[in-house]
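Keep the structure open while you read.

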Amino acid sequence: MANRAIGDGIDWGRIHLRLEASRRALERGFAPDPDEKRRILRARAKRLAREPASQVKPAGSLDVVEFLLAHERYGIESSYIREICALKDLRPLPATPGFVLGLIHVRGQILSVIDIKKFFDLPEKGLTDLNKVLILRTGAMELGILADAIFSARPIALEDLQPALPTLTGIRADYVKGVTKDSLVILEMEKLLSDKRILVDEV
């Protein structure tokens, strides 16, 4: 009986009205004025429009993979690269030019590996754990080229490409697409991969 009396003495409807009024008052208290709303919306629009610098790709650019040959940095357009793998289980291929390193087995496929340092007449460094093979593909042909190390993938603006440097003499100059301001040599892979001198009959 005492509990009912206490319950009967509570005006639940009035309490709900007060709670609702408090909620609306709180919402009004946290709501920004019109000028503040405009400022917030402008700031939000700027944040959405601004991409992180690492994701911005310049208009008219090439995506390249940068790697090391001897003591020089080279780049190959990523569209030619199927994958990059470690140099392992290399099988020498006798009776081939000196720049043909040998054959490797990659995902059920036997591919020839070219040491383009020798093809380009660059100093040899010997094989280390840093050596990687870039599996290149154009049309129906695939082969690997040896890299002394892989650095990164990045976009290169076409307007930043300059003609080949005078120091790039001999056979290298025939396959250079351009050189960047920081001396990254971009190779003309279509021309290189179509050169019959580097084609090897895989066995």
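This is a predicted model: local features need pLDDT of at least 70, side-chain atom pairs count only at pLDDT 80 or more; totals for chains, interfaces and linings use all residues.

## Ground rules

A residue is called buried when its relative accessible area is under 20%, exposed when it is over 50%, and partly exposed in between (1.4 Å probe, protein chains only).

Residues are numbered from 1 along each chain as its sequence is written, and side-chain values use heavy atoms, with hydrogens and water left out.

Helices (H or I, at least four residues) and strands (E, at least two) are DSSP runs, numbered from the N terminus. Two strands pair if DSSP finds at least two bridges between them.

Strand β1 (residues 61–69) pairs with β8 in the antiparallel sense over eight bridges, and Val 64 stands opposite Arg 154 in β8. Over in the loop between β9 and β10 (185–187) you'll find Thr 180. Thr 180 counts as buried because its relative accessibility is 6%. Leaving aside neighbours within four places in sequence, Thr 180 is in contact (heavy atoms within 4.5 Å) with Ile 156, Asp 160, Leu 161 and Ile 186.

## The sheet with β6 and β7

Another open sheet of five strands runs in the order β3-β6-β7-β5-β4, again with mixed pairing. Here β3 (81–86) and β4 (100–106) are the edge strands, each with a single partner, so one side of each is left without a neighbour in the sheet.

Strand β6 (residues 132–138) is largely enclosed by the rest of the structure, because five of its seven residues are buried. Five bridges join β6 antiparallel to β3, with Val 133 in β6 as the bridge partner of Cys 85. Seven bridges join β6 to strand β7 (residues 141–147), also antiparallel. β6 and β7 make a hairpin with two residues between them, and Gly 139 in the turn has a positive phi of about 60 degrees.

## Packing inside

A nonpolar core is a set of buried Ala, Val, Leu, Ile, Met, Phe, Trp, Tyr and Cys residues joined through side-chain atoms within 4.5 Å. The largest has 31 residues, and those with the most contacts inside it are Phe 67, Ile 76, Phe 120, Leu 134, Ile 145 and Leu 187. A second, separate core of nine residues includes Ile 104, Val 106, Leu 111 and Val 113.

## Aromatic pairs

Rings of Phe, Tyr and Trp (its six-membered ring) pair if their centres lie within 6.5 Å; planes under 30 degrees apart count as stacked, over 60 as edge-to-face and the rest as tilted. The whole structure has six such pairs. Phe 119 and Tyr 175 are tilted, 6.0 Å centre to centre with 45 degrees between the planes. Phe 119 lies in helix α4 (residues 116–119) and Tyr 175 in the loop between β8 and β9, so this pair ties together parts that are 56 residues apart in sequence.

Phe 120 and Tyr 175 are stacked, at 6.2 Å centre to centre and 25 degrees between the planes. Both Phe 120 and Tyr 175 are buried.
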